[in-house]
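Thanks, everyone; I would like to take a few minutes to walk through one model, beginning with a loop and then turning to the sheet and the helices around it. Please have the structure open while I talk.

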Amino acid sequence: MDYSKRVYYEAIFKSYCHEKKMNEFQDFFSSIMETRYPGDFIRVRPWGKNGDRKNDGFLTSKGALFQVYAPKNLESKKAAKKIVEDFEGTKDFKGAKDHWSRDMKQWVFVHNGFDGLGPEGTAQILDIQQRYPRIDIQTWGPAILQKELFGLEEEDIAHLLRIPILTSNDMMQVGYKDVQIIIDAIAQKIPDTQSEIIPVPEDKIELNGLSPEVENHLNLGVQRSQRVGEFFRNSTNPELGDKIAEAFNQEYVRLKSENLSPDKIYWKLFIFAGGGTRGPDIRHEASVLAVLAYFFERCDIFESSKNQ
């Protein structure tokens with residue numbers, strides 16, 4: 001997979017992990033595992049009064065049982081309690097070790113915390129590892145799940161992340177209403193100050209060290225960027241275009257201060273233009289690209305002079 005495309009896919013994956021909680025995250029996890037290990041991974045759903053018997057998925061070849069925990073807010077103490085309940089059970093309910101003792105060789109606690117489990121959760125995992133040495137106890141956070149996802153073919157990754165393949169025809173469907181949705185989302189992030197908008201020179205792609213993949217993506221967006229310009233010219237607020245440009249500029253400056261690569265900055269700006277999340281359909285995706293292409297051409301996101 002091309003590096004710049006991988007950067008984009010990784011950004012989408014992370015946004016999914018932030019957005020999807022509880023059952024949605026579990027379904028996302030199971031879909032990745034079913035695709036990664038066809039015929040091997042078994043998706044388990046609750047059934048009757050016994051639920052799923054503390055089993056959210058089972059990888060037969062390794063005897064690995066997965067328990068998925070993706071609350072709206074991952075707290076260390078609650079995670080620790082969940083680990084005990086799921087593996088060992090409580091006085092009223094059996095845990096995975098009792099329900100699946102014959103088949104389970106590995107127990108994996110899957111969570112959605114980008115910063116890890118926290119001290120209480122980590123201590124509980126270490127304690128279980130020491131007390132049950134015959135079972136391989138593991139934890140999977142988003143980083144490991146991402147590794148599983150990117151072990152797939154690119155078309156499978158795109159399908160799981162619901163990434164649409166934009167065409168010229170998709171771009172030509174973008175209208176004023178589509179642009180309005182994107183502009184309204186960005187308008188909520190408009191900063192208090194404004195800076196001068198500088199025309200973009202023709203060598204801007206090369207000047208900023210952007211990849212051919214990004215160049216092709218922008219060229220697709222340029223096909224409808226004039227519709228964005230028309231939108232601003234017809235707007236009842238003559239300063240709206242400049243204000244949106246400044247919102248982009250502020251986000252670009254922030255991303256650049258993190259010493260990210262030019263391609264990574266571009267794809268993060270693409271996510272920013274979409275309101276911080278993925279759009280619901282390909283029309284939304286095309287509209288986001290048209291807006292980003294317009295401001296890439298016309299305003300000061302990315303360098304427009306070697307002296308900058």
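Let me begin with Asn259, which is placed in the loop between helix H13 (240-257) and helix H14 (262-273), where helices are DSSP runs of H or I with at least four residues, strands are runs of E with at least two, and both are numbered from the N terminus. What we are looking at is a predicted model, in which local features need pLDDT of at least 70, side-chain atom pairs count only at pLDDT 80 or more, and totals for chains, interfaces and linings use all residues. Residues are numbered from 1 along each chain as its sequence is written, and side-chain values use heavy atoms, with hydrogens and water left out.

The phi of Asn259 is positive, near 60°, in a residue other than glycine. Why does Asn259 count as exposed? Because its relative accessibility is 71%, and exposed means over 50%, buried under 20% and partly exposed in between, with a 1.4 Å probe and protein chains only.

Met22, in the loop between helix H1 (3-19) and H2, also has a positive phi, of about 55°, although Met22 is not a glycine.

Turning to the sheet, five strands form an open arrangement in the order S1-S2-S3-S4-S5, with mixed pairing, where two strands pair if DSSP finds at least two bridges between them. The edge strands, S1 (41-43) and S5 (136-140), each pair on one side only. Strand S3 (residues 64-69) and strand S4 (residues 106-111) pair in the parallel sense over six bridges, and Leu65 has Trp107 in S4 as its bridge partner.
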